[in-house]
Structures are given as structure tokens and as C-alpha cells.
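Here is a short report on one structure. Look at the model first, then read on.

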Amino acid sequence: TVTVSGYNKLSVKVKITTTKDEANTFKVTPAGKVYFLSNANGTVDVAKTDLDGQNRETVIKGTGKEDSTNTVLLASQSWRYLALLSKRDGGNSAKLFLIDTATDAMTTMDEGDADFSPVGWNGTTFIYRVDRHNKQIWDTKAHAVKSYDASTKKLATLDETAATGSSYGDYYSEFYTDTHILNNEIVFSKGVQSATSGAMADHQAMFISVHPDGTAKKVIKSWPGAGYSYLSVISRPYGPNELYFGVNLTGTEPAYEYEGGQVKEVAGKKAADIWNTQYFTYLFSPSNDEVFWSEPRDGKSTLFIGDAHAENKKQVANLSEYTTFGWYTDDYVLVSKNSSELYIAPAGEWGEVKPLKVTDYFKPNFSAPGYGKGYGGF
């Protein structure tokens with residue numbers, strides 16, 4: 001039995017010899033499990049396997065009532081916690097579940113007559129949006145941004161929408177567009193709309209920041225709604241922990257950037273340009289010291305690893321058939337092939353090393369471009 005600290009135990013047969021023999025060369029696998037969705041058995045299950053694909057197990061068996069197009073599994077950067085969005089009971093609404101990989105126990109994070117939209121992980125805290133059913137456009141609290149701390153089992157409402165009126169002829173209401181996870185900071189856009197432009201005189205669209213526990217909420221920037229019946233804020237991450245944002249009304253409004261708690265206007269860039277530029281998704285390592293990303297070239301992927309600012313980058317694969325998936329510790333990266341095959345590789349230049357296939361997996365119709373603080377969003 002071969003035992004090495006940090007690696008799985010391996011049982012081998014040793015050839016007794018007085019000379020070196022390749023038969024006595026053995027490979028051990030780093031300890032750990034990768035979790036993923038699988039429908040190999042006809043139901044959408046949560047499964048796990050060793051990093052070399054061995055010892056595969058079903059962790060949460062599907063009930064057969066899941067919506068295969070709207071089942072989502074997102075892992076935290078440490079792989080300690082998983083968020084599962086699933087219609088396991090076949091009801092009208094999916095529920096949000098927490099899976100603790102230390103025990104593989106599953107508990108409910110949130111449920112109700114609403115649609116839940118995963119945003120992602122910030123450390124041990126999961127961020128998501130709620131759109132409540134049976135609410136009219138003039139009803140308050142129709143939408144919310146919420147968080148769930150997996151380590152303390154604490155649920156927090158970070159923000160809810162306001163509204164007034166009693167019909168489509170006199171309403172005013174708020175709505176969300178984009179939600180982003182930065183360094184211990186949740187940033188989201190809140191737009192405003194009304195039946196008439198006159199109802200917007202005392203209201204404003206906002207770009208808002210709040211800590212994952214709901215504290216330190218502040219308005220980063222606001223725009224008065226007077227004279228409009230609809231005003232929306234658009235935003236996109238253009239680098240690690242860096243956002244462009246603005247409002248696009250006439251195509252001439254300026255774009256702003258938000259980084260490190262600071263806002264400044266971007267010279268020569270308009271808010272309308274935000275949607276017309278391609279930005280990469282930077283996946284943060286568990287220590288947040290490095291990022292892993294893909295750039296499309298000639299129809300294939302060139303993969304890079306850089307520091308926390310995506311600088312000092314090194315190319316790990318060129319014109320690859322693989323796309324980024326995540327990290328496993330700071331030592332390994334996970335890549336996907338054909339959106340159905342999961343591979344693992346060293347977190348460095350691959351050279352002649354080929355990624356090792358871990359498993360086939362099921363990818364539902366869900367992606368989270370721009371989200372990099374957890375894994376499974378692609």
C-alpha cells in the first residue's frame with residue numbers, strides 16, 4: 001500500500017527484483033473529489049469522483065421530476081460547498097439547496113413561490129436573485145437580492161425592490177439587471193420604470209454596492225429618472241474585480257469604471273460600447289492570487305494563467321479544444337471539452353503534458369459569463 005500525504009492511498013503489486021524495473025513505477029492521485037451533474041442514469045443526479053475519475057459515486061439521486069434545462073450546480077472555490085438549483089419535487093418553482101461536501105448532506109437554502117437565479121459564491125456565502133410570483137408590477141418586494149452563508153446557515157436579504165400604484169395606468173417600480181461578485185462586495189444595477197414619465201420625478205436608477213452579509217450598503221452612482229418612463233443601468237466585468245457601467249439612452253452617455261471602491265469616467269468610451277466589446281471570464285484560484293481564462297483564436301481556445309490582475313500571464317495551451325471550467329486547489333485547473341467532458345491539468349504550462357480526463361458530465365442550459373469566484377458556471 002502506497003501512502004503519501006495529500007494523495008489517495010494506492011494498493012499495488014510490487015515486483016521483487018535486484019534491478020530497476022518499470023513495473024515498480026506507480027502513479028498516485030492527489031486527494032480530493034470533484035462534484036458534477038450527471039444524467040447517465042436517466043435522472044439528473046449529483047455525482048462525485050476522484051481526480052483521476054476513479055471511485056465514482058452518486059451523491060444526490062435525482063427524483064426524475066427535475067427540469068433538465070434549469071438544474072444548476074455551482075461549487076465554491078474551496079469545493080467545500082455546492083449550491084444546487086433543482087425542481088426535485090416537480091413543483092412550479094425550483095428550490096435552492098446546499099450540499100456540504102464534508103458530509104454530502106443536503107439542506108434547503110431557500111424555497112417559495114418564486115424563481116431563483118444563481119449569481120455565485122463569495123467565499124462561503126452564496127448570492128442569488130429572487131423574482132417572486134403572484135406579484136404585480138406595482139407591488140413592493142417583487143424582486144430581491146439575497147445571500148446565504150453556508151458556514152453559519154444565515155440567510156440575508158441584501159436588497160428588495162420598491163413600487164407604488166394600483167394598476168398599469170399609475171404604477172412606479174424598480175427592477176434589477178446585472179449582479180456581480182467582487183472582493184467581498186456585491187454590486188448590482190437597479191433600474192426604474194413607470195406608467196408615465198411624470199411618476200419618475202422623485203426616483204433614480206442606481207448602481208449599488210453591499211457586503212455579502214447585507215452591511216455597508218451604498219449607492220456607487222445614480223441617475224435621476226425625471227423625464228423618462230424607463231431607465232436601466234447596464235454593467236459588464238472587463239477584468240478581475242473590474243466593472244464598466246452606465247446608462248445608454250441616446251448612445252452618447254459616458255461609460256464609467258468601478259475598481260477598488262473607486263468610480264471614474266472612462267475617456268473615449270460610451271455606455272453603448274459596453275455591450276459591443278468582448279470581455280473574458282477570469283476564474284479565480286482558491287487563494288485569489290491567480291486567474292485562469294480563455295481567449296478565442298481561430299475558432300479554438302488559448303488558455304492563460306495570470307496574477308490576480310490578469311497580468312504577468314503565461315500561456316498554458318494554444319489553439320486548444322478545451323475551455324476553462326475552474327480550479328482544484330491552487331495546483332490544478334479544470335477544463336471542459338465539448339461541454340460534456342471534464343479534464344484536470346497542472347496549473348502551469350502544460351508542455352507535453354496532456355490533461356487527464358476525469359469524467360463525462362451533464363451541462364444544463366446555464367452559463368455565468370463574467371463570474372469567477374466559483375466553478376461550474378460554464
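## Terms and model

Two strands count as paired if DSSP finds at least two bridges between them. With that in mind, take the hairpin of strand 26 and strand 27. Three residues sit between these strands, and threonine 329 takes a positive phi near 55° there. The model is a predicted one.

Five bridges join strand 26 to strand 27. Threonine 324 has valine 335, in strand 27, as its bridge partner. Strand 27 also pairs with strand 28 (residues 341–346), over six bridges and in the antiparallel sense. Here lysine 337 is bridged to glutamate 341 of strand 28. Valine 333 stands opposite alanine 345, also in strand 28. Strand 27 is mostly covered, with five of its six residues buried.

## Turns with positive phi

Threonine 329 belongs to the loop between strand 26 (323–328) and strand 27 (332–337). Its phi is positive, about 55°, although threonine 329 is not a glycine. Is this residue buried, exposed or partly exposed? Threonine 329 is partly exposed, at a relative accessible area of 35%. The next hairpin, of strand 27 and strand 28, has three residues between the strands. There asparagine 338 takes a positive phi near 60°.

Aspartate 104 is another non-glycine residue with a positive phi, of about 65°. Its loop runs between strand 6 (95–100) and strand 7 (105–110). Why does aspartate 104 count as buried? Its relative accessibility is 19%, and buried means under 20%.

## Strand 19 and its partners

Strand 19 has two antiparallel pairings. With strand 18, it pairs over five bridges. In that pairing, isoleucine 234 stands opposite glycine 246 of strand 19. The hairpin of strand 18 and strand 19 has two residues between the strands, and asparagine 241 takes a positive phi near 60° in this hairpin. With strand 20 (residues 254–259), strand 19 pairs over four bridges. Tyrosine 244 stands opposite glutamate 257 in strand 20.

How many residues of strand 19 are buried? Five of the five are, so strand 19 is largely enclosed by the rest of the structure. Glu242, Tyr244 and Gly246 point one way from the strand. Leu243 and Phe245 point the other way.

## Nonpolar cores

In soluble globular proteins, nonpolar side chains tend to be buried together. In this model, the largest nonpolar core has 40 residues. Val46, Trp79, Phe292 and Trp350 have the most contacts inside this core. A second, separate core has 33 residues, including Ala94, Phe116, Phe126 and Ile127.

Valine 46 shows what such contacts look like. Leaving out residues up to four places away in sequence, valine 46 touches Tyr35, Phe36, Leu37, Thr58, Val59, Ile60, Leu73, Leu84 and Ile99.

## Pocket and cavities

The largest pocket holds about 910 Å³ of space. Its lining has 45 residues, and those closest to its centre are Thr281, Ala368, Pro369, Gly370 and Tyr371. Several strands give two or more residues to this lining: strand 8 (114–122), strand 13 (172–182), strand 18 (234–239), strand 19 (242–246), strand 23 (290–297) and strand 26. Which strand gives the largest share? Strand 13 does, with six residues.

Searching the whole structure finds two cavities of 30 Å³ or more. The largest cavity holds about 180 Å³ of space. It is lined by 19 residues, with Leu37, Leu73, Phe325, Phe362 and Gly376 nearest its centre. Strand 1 (33–38) and strand 4 (72–76) each give two or more residues to this lining. The largest share, four residues, comes from strand 4. Leu37 and Leu73 line this cavity, and valine 46 touches both of these residues.

Key
Residues numbered from 1 in each chain as written. Predicted model: local features only at pLDDT ≥ 70, side-chain atom pairs only at ≥ 80, totals over all residues. Heavy atoms only, no water. Core = buried A, V, L, I, M, F, W, Y, C linked by side-chain atoms within 4.5 Å. Buried < 20%, exposed > 50% of the residue type's maximum accessible area, 1.4 Å probe, protein only. Contact = heavy atoms within 4.5 Å. 1 Å grid on protein atoms, 1.4 Å probe; cavity = no way out; pocket = protein on both sides within 12 Å on 5 of 7 lines; lining within 4 Å. Points joined across faces, edges and corners; volume = space filled by probe spheres on them.
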